[in-house]
Amino acid sequence: MKPKTNLPPLSHWLPSYIRLPLIVTVLWNSLVYYGARLIAQDWPHAIWELPLDGKIPFLPWTASIYYASFLFWTVNYILCARSSKARAYRFLSADFLAKGLCFLLFLLFPTTNLRPVVEEGGFWNGVMRLLYQSDAADNLFPSIHCLSSWFSYIGLRDREDIPLWYRRFSLLAAFAIFLSTLTTKQHVIVDVLGGVLLAQLCYLVTDRIGFSGFYARIFDRLPKKDPPHPL
């Protein structure tokens with residue numbers, strides 16, 4: 001006899017219609033980012049730094065915000081997808097479209113930046129050196145960090161079932177992440193603006209061009225069944 005549990009079934013947290021699309025979202029993001037890097041790694045890369053970028057201080061401790069963005073995305077992408085089916089597919093298809101356009105832009109406009117020399121010693125300096133070693137200075141325009149953070153906000157900003165305080169927090173978190181990409185010198189201002197504008201544009205047009213419906217029909221053709229919850 002199986003022990004009783006009061007935990008809600010998986011379908012309560014992740015309806016069957018969003019599980020595979022969320023997995024595809026993660027895989028597609030990785031394919032875009034690392035695929036573009038593999039293709040364009042030996043191509044000439046431009047530097048799009050503006051004079052204002054030079055006035056932004058280098059703050060190694062803001063790497064904490066930069067890394068925390070991964071948890072922010074995970075939580076908010078699930079929240080954004082746990083909505084009505086139409087709203088969920090609008091969000092997920094807009095993200096898919098935006099990442100596809102990112103892939104094209106990474107190849108059409110390969111960019112890099114000039115990273116500061118990180119001093120020896122200190123915890124946050126060590127974190128920054130680890131960040132620079134693990135993430136090459138490419139695939140910068142538009143910033144996927146900023147694009148995903150803006151999606152994490154606009155996907156739930158009109159959701160009345162989400163507490164107002166959390167929606168406001170998501171907006172502030174998105175802006176904090178924007179700033180962290182600049183103060184860690186991972187991106188420049190043009191990259192940030194490009195990521196935000198691309199996310200906003202794709203979210204606005206996805207329904208209008210019928211892409212969200214097309215995206216939904218692809219997954220609707222696949223068999224999905226929630227397993228019975230054990231008693």
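Biologist: How many cavities of 30 Å³ or more does the structure hold?

Modeller: The structure holds 1. A cavity is a set of points, on a 1 Å grid over the protein atoms alone, where a 1.4 Å probe fits but cannot get out. The largest cavity has about 40 Å³ of space; a volume is the space filled by probe spheres set on the points, which are joined across faces, edges and corners. This is a predicted model, in which local features need pLDDT of at least 70 and side-chain atom pairs count only at pLDDT 80 or more, while totals for chains, interfaces and linings use all residues. Residues are numbered from 1 along each chain as its sequence is written, and side-chain values use heavy atoms, with hydrogens and water left out.

Biologist: What makes a residue part of a lining?

Modeller: Lining residues have an atom within 4 Å of a point. Among those that line the largest cavity are Ala36, Arg37, His45, Phe106 and Asp138. Helix 2 gives the most to this lining, with 3 residues; helices are DSSP runs (H or I, at least four residues), numbered from the N terminus.

Biologist: Which volume does the largest pocket have, and what makes a set of points a pocket?

Modeller: The largest pocket has a volume of about 730 Å³. A pocket is an open set with protein on both sides within 12 Å along at least five of seven lines. Of its 30 lining residues, the closest to the centre are Asn29, Phe70, Trp73, Ile144 and Ser148. Helix 2 (16-40), helix 4 (63-81), helix 6 (123-134) and helix 7 (144-154) each give two or more residues to the lining, and helix 2 gives the most, with 9.

Biologist: Why is arginine 167 called buried?

Modeller: Arginine 167 has 15% relative accessibility, and buried means under 20%, so it counts as buried. Arginine 167 is found in helix 8 (residues 164-183).

Biologist: Why is leucine 20 called partly exposed?

Modeller: Leucine 20, in helix 2, has a relative accessible area of 38%. Exposed means over 50%, and partly exposed lies between that and the buried limit, so leucine 20 is partly exposed. Together with Ile23, Leu27 and Leu222, Leu20 makes a nonpolar surface patch of about 360 Å².

Note on methods. Patch = residues over 30% accessible without salt bridge, like charges linked within 9 Å, V, L, I, M, F, W, Y side chains within 5 Å. Areas by Shrake-Rupley, 256 points an atom, 1.4 Å probe, with all protein chains shown as cover. Salt bridge = Lys/Arg side-chain N within 4 Å of Asp/Glu carboxyl O. Buried < 20%, exposed > 50% of the residue type's maximum accessible area, 1.4 Å probe, protein only.
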